[in-house]
Amino acid sequence: MFENLEVFEKRYEELNQKLYDPSVLSNQTLYTELMKEHKNITPIVEKYREYQKAVRSMAEARELLEDGGLDKDLKEMADEEFQAAKSDIERCSEKLKILLLPRDPNDDRNVIVEIRGGAGGEEAALFSAVLYRMYSMYAETKGWKTEILNVSETELGGFKEISFMITGDGAYSRLKYESGVHRVQRVPETETQGRVHTSTATVAVLPEADEVEIEINPKDLQIDTYRSSGAGGQHINKTSSAIRITHLPTGTVVECQDERSQYKNKDKAMKVLRSRLYEAKLREHDEKIASERRSQVGTGDRSERIRTYNYPQGRMTDHRIGLTIYRLDDILNGSLDEMIDALITADRAAKLQNTIDNQSEERE
């Protein structure tokens, strides 16, 4: 079933030659584009070669067994080689099926993360700050860069809302499953009776959009300036450097007040606006293929409760895949890989099953 993979192997060799071509090396845009393609197909080619090697080994072992004339020991060795090769073929086949699934074109993008306090008042704002710390610490372990775009703080150090950009290779591929409602169960810092409260915060993960992908007509924008506000202290600006941009056709409003420079705030606000409009465009596309969307773990509807963080029991539960991990402190300190890997595996399995089901329908 993998005969057509020779085209990947041929393209892989072509790319290897092109990447050493002086004309390509002198063209940074082309070089980056070819390197990206090379990186994407390398796992497929490597696994395909492993698959081919196992097929050859199985054929050689079968030939020995069918020819006969082997003594008992050699026959056992040939049979073991046959079974090992068969097992390798099955393993490589399953891996190749996953590698050949349609790739999310946004996976290599940077992301803009927006966290907002939900139900729970001040406690929800404090939990939003915990989530920001969790994601920023995770980004640090990956060598990614975090930059705050806009923040609205409370007097107790919580965030009514915070938006920030995470820049790094594959950021969206790892963080896209975080969109949705995050629920926390704990004794609030503001609670004196020791009772466990339930609060929520919403997380939205937006792939960063390039200017060429989302064209924004300046005439469609209403741009207002105002003075930065906050919980108090030296960070409050005395000049009107904060920016509010309203995209009139959609009613989308973006604010940015993190920088002292009006120009920098406007630049950051435009990045967020482009990403929100791009996400809306993607959502519209996803709705057209709702059947596929339902078969995936997905990147989460913001209104859907996806996860619970239970402090008294020290556990985190992801409700989409039924995963519970009893290492809450580690998770809140940025150890998210176990959870994210499980979400990716479940999503790929759902997509693979969807592909198999569609192929079965086509044959019928």
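These exercises look at charged and aromatic side-chain contacts in the structure above.

The model is predicted: local features need pLDDT of at least 70, side-chain atom pairs count only at pLDDT 80 or more, and totals for chains, interfaces and linings use all residues. Residues are numbered from 1 along each chain as its sequence is written, and side-chain values use heavy atoms, with hydrogens and water left out.

**Exercise 1. Find what joins Arg91 and Glu50, and say where each residue lies.**

Solution.
- Start with the rule: a salt bridge is a side-chain nitrogen of Lys or Arg within 4 Å of a carboxyl oxygen of Asp or Glu.
- Apply it. Arg91 and Glu50 form a salt bridge, at 2.8 Å from N to O.
- Place the residues. Arg91 is in helix α4 (residues 72–99) and Glu50 is in helix α3 (residues 28–67), so the bridge ties together parts 41 residues apart in sequence.
- Helices (H or I, at least four residues) and strands (E, at least two) are DSSP runs, numbered from the N terminus.
- Widen the view. Lys47, Glu50, Asp88 and Arg91 are linked in a network of salt bridges.
- Count by the rule: there are 22 salt bridges.

**Exercise 2. Decide whether Glu123 and Arg186 are buried or exposed.**

Solution.
- Take the cut-offs: buried is under 20% relative accessible area, exposed is over 50%, and partly exposed is in between (1.4 Å probe, protein chains only).
- Classify. Glu123 and Arg186 are both buried.
- Check the contact. Their side chains meet in a salt bridge of 2.4 Å, N to O.
- Locate it. Glu123 belongs to helix α5 (residues 122–141) and Arg186 to strand β4 (residues 180–186), 63 residues apart.
- Compare another bridge. Asp337 pairs with Lys142, with the closest N and O atoms 3.2 Å apart.
- Asp337 is partly exposed at 28% relative accessibility. Lys142 is also partly exposed, at 33%.

**Exercise 3. Work out why the Tyr48 and Tyr51 pair is stacked.**

Solution.
- Recall the rule: rings of Phe, Tyr and Trp (its six-membered ring) pair if their centres lie within 6.5 Å; planes under 30 degrees apart are stacked, over 60 edge-to-face, and the rest tilted.
- By this rule there are 5 aromatic pairs.
- Read the geometry. The centres of Tyr48 and Tyr51 are 6.5 Å apart and the planes meet at 20 degrees, so the pair is stacked.
- Look along the chain. Tyr48 and Tyr51 are 3 residues apart in helix α3, about one helical turn.
- Check burial. Tyr48 has a relative accessible area of 5% and is buried. Tyr51 is buried too, at 15%.
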